[in-house]
Amino acid sequence: MRISVIGAGYVGLVTAVGLSSLGHLVICADKNEERINRLRRGIIPFRENGLDEKLQHHLDQSNISFTHDTGIAVRGSNVLIIAVGTPQAPDGNADLSYLWQAVDEIASNTMEKKTIIVKSTVPPGTCDQIEQSLVSRKIDSLILDVVHNPEFLRQGSAVNDFFNPDRIIIGCKNENSPSLLQNMYFGLQSPFLVYDRSTAELIKYASNAFLALKISFINMLSDLSEKLGADIEQISEGIGMDKRIGSAFLKAGIGYGGSCFPKDIRAMQHFAAIHHIPMPLLYAVEEINAQRPELIVEACKQHFGSLRKRRILLLGLAFKPFTDDIRESPALAVSSLLLEQGVELHAYDPWVQHFPVQNVSCFQDPYQAIEGCEAVVLLTDWPQFRQLNWERICRKIKNGLIFDGRNQFTTNEIMPLINRHAIKYRSIGRPNLGKTAIVQQFNEETLFMLPEENDFTNSGLLKKAAL
Ligand code: NAD
Ligand code: UGA
């Protein structure tokens with residue numbers, strides 16, 4: 001098939017490259033001329049595992065091409081996928097201006113029959129509105145259908161998610177659209193669910209809201225767990241093994257971020273309010289999440305008293321590992337709150353070199369970044385942070401504080417280290433360690449060794465196996 005994708009961001013580019021891999025001829029259009037020029041040379045505008053190799057392969061095969069002229073893309077294919085951004089508008093609703101620009105371009109370049117597939121996340125009713133607008137422009141006879149095909153990929157594993165979807169959702173009106181999309185996705189093993197358009201549009205928002213709800217639930221519980229001296233990691237394991245609950249998205253931490261959960265929850269609040277349907281849960285999810293960064297300021301104040309002129313290292317700036325995306329990253333709120341307290345901030349992230357908050361000094365080397373610091377705050381669960389030389393880091397921050405905002409370490413593995421260096425270790429939803437903890441005897445020269453990733457010695461799993 002010949003397919004055009006409008007928008008070369010995370011979703012558009014992954015979709016374009018993925019569809020090329022499935023054997024289609026793809027034209028990808030983006031308004032951003034510089035982005036297009038770089039893509040033509042195989043340079044992708046963000047970091048996404050495995051995407052550059054696949055893009056280069058399909059550029060070499062000439063089954064993907066790029067243009068900044070959306071008209072060329074529209075005229076070049078009969079299947080048009082809209083994957084432009086739908087960011088948050090000032091009133092909280094989804095800003096659909098990019099989407100309407102794309103629809104305008106389609107309307108003014110359509111001379112033969114086309115199917116429009118909206119992949120952008122859009123409030124329920126949007127595909128119906130697109131159809132009405134095409135009727136008013138008198139080109140509806142050329143548009144076979146306006147289909148909603150929501151995207152569920154995660155940044156950091158987007159390529160894998162494209163090829164291994166849990167489900168493909170189609171919201172359509174024309175009875176031929178399901179087979180068109182089945183052909184488009186031919187080769188993928190996935191349940192294929194066909195609904196009306198508003199149902200498909202709402203499924204996308206409901207999915208993101210439910211995942212965020214799970215995170216806020218476990219985060220809310222983690223505060224109680226910490227007070228009770230219980231362990232939230234074990235609680236997650238214990239409740240997650242109930243198949244009705246499931247273990248995914250029960251990792252407690254300093255909160256969710258990213259380009260989608262925050263804005264999609266606000267958009268959902270907004271369109272539900274328009275329909276006078278109260279959504280109190282969604283407000284609670286957001287409020288719990290908004291409070292998470294304050295935990296760090298409180299912990300630092302408790303440890304140091306005044307924070308003025310204290311130097312603190314932030315480990316991780318991206319909203320999650322394996323992306324360089326900092327949109328709505330918890331690191332933004334944490335750094336602003338700490339700077340308000342007069343803290344000097346150093347930061348290290350393996351993939352993020354530029355951070356828009358003034359007075360945060362970014363380093364390319366974590367050991368340079370730790371110089372002069374008295375505390376380390378782990379914000380992103382990059383696996384390589386576990387492999388840093390923590391003996392060396394702890395020598396630098398002697399008597400200081402480690403705030404593990406993603407529970408990267410088990411309490412057993414961190415205990416010897418913090419005892420040896422008289423360091424306070426705070427994490428999420430687990431007993432506080434350090435100073436008051438039982439001091440054990442260790443050789444100063446012994447290097448801090450972490451167990452292998454799959455060592456479950458400290459978890460309930462092994463205890464259960466032993467039984
Ligand atoms: P993005 O901001 O990374 O990319 C959007 C691209 O569209 C930009 O390159 C922009 O220049 C381009 N664009 C805007 N208007 C255009 C127009 N009229 N013609 C051509 N190009 C245009 O956005 P994204 O993260 O890829 O998200 C796209 C949509 O997919 C959003 O609705 C988002 O909610 C949804 N979504 C995103 C993800 C994700 O992980 N990022 C996952 C699922 C769904
Ligand atoms: C999320 C959804 O997982 C995708 O299905 C969806 O397509 C996408 O949003 C979207 O609509 O844009 P993404 O934002 O890439 O994907 O990242 P997630 O892996 O969902 O993580 C989001 C945030 O939640 C991160 O800050 C992460 O650290 C946090 N998180 C995740 C937790 O705090 N705990 C968890 O257990 C899981």
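This is a predicted model: local features need pLDDT of at least 70, side-chain atom pairs count only at pLDDT 80 or more; totals for chains, interfaces and linings use all residues.
View 1. Asn-208 places a polar side-chain atom 2.8 Å from an oxygen atom of ligand 2. Phe-152 uses a polar backbone atom, which is 2.8 Å from an oxygen atom of the ligand. Of the 710 Å² of accessible area that ligand 2 has on its own, the protein covers 90% (areas come from the Shrake-Rupley method with a 1.4 Å probe; for residues, only the protein chains shown count as cover).

Conventions for every view are as follows. Residues are numbered from 1 along each chain as its sequence is written, and chains are lettered from A and ligands numbered from 1 in the order in which they are written. Local features need pLDDT of at least 70, side-chain atom pairs count only at pLDDT 80 or more, and totals for chains, interfaces and linings use all residues, while side-chain values use heavy atoms, with hydrogens and water left out.

**View 2. The shell around ligand 2.** Ligand 2 is surrounded by 19 residues, the closest being Leu-153, Gln-155, Lys-204, Cys-260 and Phe-319 (a residue is near a molecule or strand if one of its heavy atoms lies within 4 Å of it). Helix 9, residues 197-228, gives the most to this shell, with 4 residues (helices, H or I of at least four residues, and strands, E of at least two, are DSSP runs numbered from the N terminus). The shell around ligand 2 has 10 nonpolar, 3 polar and 6 charged residues (Ala, Val, Leu, Ile, Met, Phe, Trp, Tyr, Cys and Pro count as nonpolar, Asp, Glu, Lys and Arg as charged, and the others, Gly among them, as polar).

**View 3. Ligand 1 and its surroundings.** The shell around ligand 1 holds 26 residues, and Val-11, Asp-30, Arg-35, Thr-86 and Lys-263 are the closest. By class, these residues divide into 9 nonpolar, 10 polar and 7 charged. A polar side-chain atom of Asp-30 lies 2.6 Å from an oxygen atom of ligand 1. Nitrogen atoms of ligand 1 are approached by polar side-chain atoms of Gln-155, at 3.0 Å, and of Gln-101, at 3.5 Å. The protein covers 89% of the 840 Å² of accessible area that ligand 1 has on its own. Two or more residues of the shell come from each of helix 1 (10-21) and helix 5 (97-109), and helix 5 gives the most, with 3 residues.

**View 4. Glu-105 in helix 5.** Glu-105 is part of helix 5. Its side chain makes a polar contact of 2.5 Å with the side chain of Lys-31. Leaving aside neighbours within four places in sequence, Glu-105 is in contact with Lys-31, Thr-70, Gly-71 and Val-74 (contact means heavy atoms within 4.5 Å).

View 5. Strand 9 (residues 311-315) and strand 12 (residues 375-378) run parallel and are joined by 4 bridges. Leu-313 stands opposite Val-376 of strand 12.

View 6. Phe-363 belongs to strand 11. Not counting residues up to four places away in sequence, Phe-363 touches His-346, Ala-347, Tyr-348, Gln-353, Gln-368 and Ala-369.

Terms used: A polar contact is a pair of N or O atoms within 3.5 Å; within protein, one must be able to donate a hydrogen and the other to accept it, and residues adjacent in sequence count only if both atoms are side-chain atoms. Two strands pair if DSSP finds at least two bridges between them.
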